[in-house]
Amino acid sequence: DTKKEYGTRRFCFIVNRFVNINTLRAILALRNRNLCNVIIDGPVPEYVYGDFYRMTLADNINIKIKTTELIYEDGTTGPDPDLILPASADTSLQSAVIKAARGLLQKAILPASAKHPENTVYIRKPQSDYPTNGVPDAKLRLLGLFNFWNAIQYFSPNKDLIAYNWDKALIQFIPEFLDAKTDSAYFMALMHLTACINDGHSILISKRGGRSPNGVLDGNLPVGADLVDGKVFITAVLDDKTQQAELSKLTEGDELIAINGVPVAKLAEQWRPYIVASNTAGFNREYYYTWLTNGIVGSQATLTVSSSGKIKQVILNRIKRDDYYSLRGKILRNPLLPPYCKIIKGNIGYMRVNRIYTNELDSLANMLKNCKSIILDCRGYPKDYKIGSALAAYIAVKTDTVAINKFPYVTSPNQSKNQVIIDYEIINPNNNQNLKHKKYYLLADEGNQSQSEGNVITLQGVTHGITIGSTTAGANGMAITINLPGQYFSFFSGFGEYYPDNTPNQKLGVKIDVPVAKTLNGILKGDDEILDKALALID
């Protein structure tokens, strides 16, 4: 009985830098619990404090960076011995270290806490959002740049997708951030920085204004536009009652030629370095919905349009972006109305995946049990983040790996020492048999991003169905937040998601079997061309 044998005895451990690292850490953990005394003979071994990385900077300056830290169960850090004595070769019972040990043993050891916390996780203080009045000073601007660069350098799983050498990016951006002394210049520098990593997750948000701060590109013209077959068309004339006379000169379907004399194709190229996107589909979605007609609220712009073969110009004022979003949202040509799971003509099951919840699946599966063909409309973002894997379990007939997730495992600034953690996304079949052995058709488009793309990949894995639609945004993998000075924040994809054959989701989007391109006529009429294609294939 260890307790009977040692319970009344006093212990003082004398250790030095030659003691095994794990043994020394275990002894120090006992000391942390007030269960013994510890004397370190000689310098404290560096490894007790954690792991370190050394590097040489300019001018032969050598620095040491701590990359890991010893943390005890109660959240305290560091070795915390009772005494640290100069190293001595004297091993006699009269040595200074033995005398010190005897002295410690004569003192009472503080009792351990009656409720000692176990498995306490050390919580890092959240990163500051660096609040400032006005534009952050040069030091803060550079700090934000360095923080962002380091986050991508060491933690982005998709750094290889960046269009240019990230190792040299910091040098390229430093002059731009030093010169960013106004609200608009700083905003554009941040737009450029966040867009350059080619990650659709890296959207820039201002805590003072949303997509842009007040007074900086915070307005839009009251029209909606879409890119179709290489041309830009006005597909929505918004109900802005303050300028109805000018808006009446426009017709939905007019081709937009230029804004303030600049051809729309040239405008798109000018904005390309500033729009967050993993691929062309993501760029088009972001640019044509939000940034094509942007400018300061109240500013004017002249639209040059081609209407029925005639060129004309229309002058409009920019309205608040929130008002623009609200008015555009009211134009519902093909409204998404409940029920979100139903049986349509021909005994075809239809399920709008992003509008249903896992607790509904039993009843929905029972509803569709006699349908031989089922359309899984995966477009949009899910309301229930578990719906993809939960629905997949109802469909799966055997345990299967549907995706592979790869996480960077960073232990050192020396990237050759870092590793990748691989997590296999495995679906186990649900006992409910009602959705198994069906023929499935999956729908997706550029609105699918992140979890929404992950759901498509998961459902593709278990259904082996036909995926119909257009290229998705290609930005998947747990958005990680980065705060930036001036009350901005952005994100990046924290892990890479891959198909079982190692095809990446990032940049490419999900695999599409039957591509469907939108048409001007379909947009204006409110046709659901992707759903129509699925129904045609089933027939």
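Buried means under 20% relative accessible area, exposed over 50% and partly exposed in between, with a 1.4 Å probe and protein chains only. The views below show a predicted model, in which local features need pLDDT of at least 70 and side-chain atom pairs count only at pLDDT 80 or more, while totals for chains, interfaces and linings use all residues. Residues are numbered from 1 along each chain as its sequence is written, and side-chain values use heavy atoms, with hydrogens and water left out.

**View 1. Salt bridges around arginine 379.** A salt bridge is a side-chain nitrogen of Lys or Arg within 4 Å of a carboxyl oxygen of Asp or Glu; by this rule the count comes to 17. Arginine 379 pairs with aspartate 377, with 2.8 Å between the closest N and O atoms. Arginine 379 counts as buried because its relative accessible area is 8%, and aspartate 377 is buried at 0%. Arginine 379 also forms a salt bridge with aspartate 528 (2.8 Å, N to O). This second pair links distant parts of the chain, 149 residues apart: arginine 379 is in the loop between strand S18 (373-377) and helix H12 (387-395), and aspartate 528 is in the loop between helix H14 (520-525) and helix H15 (529-538). Helices (H or I, at least four residues) and strands (E, at least two) are DSSP runs, numbered from the N terminus. Aspartate 528, like arginine 379, is buried.

**View 2. The salt bridge between aspartate 527 and lysine 525.** The closest N and O atoms of this pair are 3.8 Å apart. Lysine 525 is exposed, as its relative accessible area is 53%, whereas aspartate 527 is partly exposed at 33%.

View 3. Strand S8 (residues 223-228) and strand S9 (residues 231-237) run antiparallel and are joined by six bridges; two strands pair if DSSP finds at least two bridges between them. Alanine 225 has isoleucine 234 in S9 as its bridge partner. Two residues lie between the strands of this hairpin, and aspartate 229 in the turn has a positive phi of about 55°. Five of the six residues of S8 are buried.

**View 4. The nonpolar patch at isoleucine 61.** Met55, Leu57, Ile61 and Ile65 make a nonpolar surface patch of about 290 Å². Patches are made of residues with over 30% relative accessible area and no salt bridge; like charges are joined within 9 Å, and nonpolar side chains (Val, Leu, Ile, Met, Phe, Trp, Tyr) within 5 Å. Areas come from the Shrake-Rupley method with a 1.4 Å probe, and for residues only the protein chains shown count as cover. Isoleucine 61 is in the loop between strand S3 (52-56) and strand S4 (62-66). With a relative accessible area of 44%, isoleucine 61 is partly exposed.

**View 5. The second largest pocket.** The volume of this pocket is about 960 Å³. Its lining has 26 residues, of which Asn150, Ala151, Tyr154, Phe155 and Val410 are the closest to its centre. Two or more lining residues come from each of S3, S4, helix H4 (138-155), strand S19 (400-409) and strand S23 (479-484). H4 gives the largest share, seven residues. On a 1 Å grid over the protein atoms alone, a pocket is an open set of points with protein on both sides within 12 Å along at least five of seven lines, a cavity is a set where a 1.4 Å probe fits but cannot get out, and lining residues have an atom within 4 Å of a point. Grid points are joined across faces, edges and corners, and a volume is the space filled by probe spheres set on the points.

**View 6. The largest cavity.** The structure holds five cavities of 30 Å³ or more, and the largest has a volume of about 50 Å³. Its lining residues are Met191, Ile203, Leu204, Arg211, Tyr274, Ile275, Val276, Glu286 and Trp291.

View 7. Most residues other than glycine have a negative phi, and most peptide bonds are trans. Proline 338 and proline 339 are joined by a cis peptide bond, with omega about 5°; proline 339 lies in the loop between helix H10 (321-329) and strand S16 (341-344). Methionine 478 has a positive phi of about 50° and is in the loop between strand S22 (466-469) and S23. Glutamine 487, with phi near 65°, is in the loop between S23 and strand S24 (488-493).
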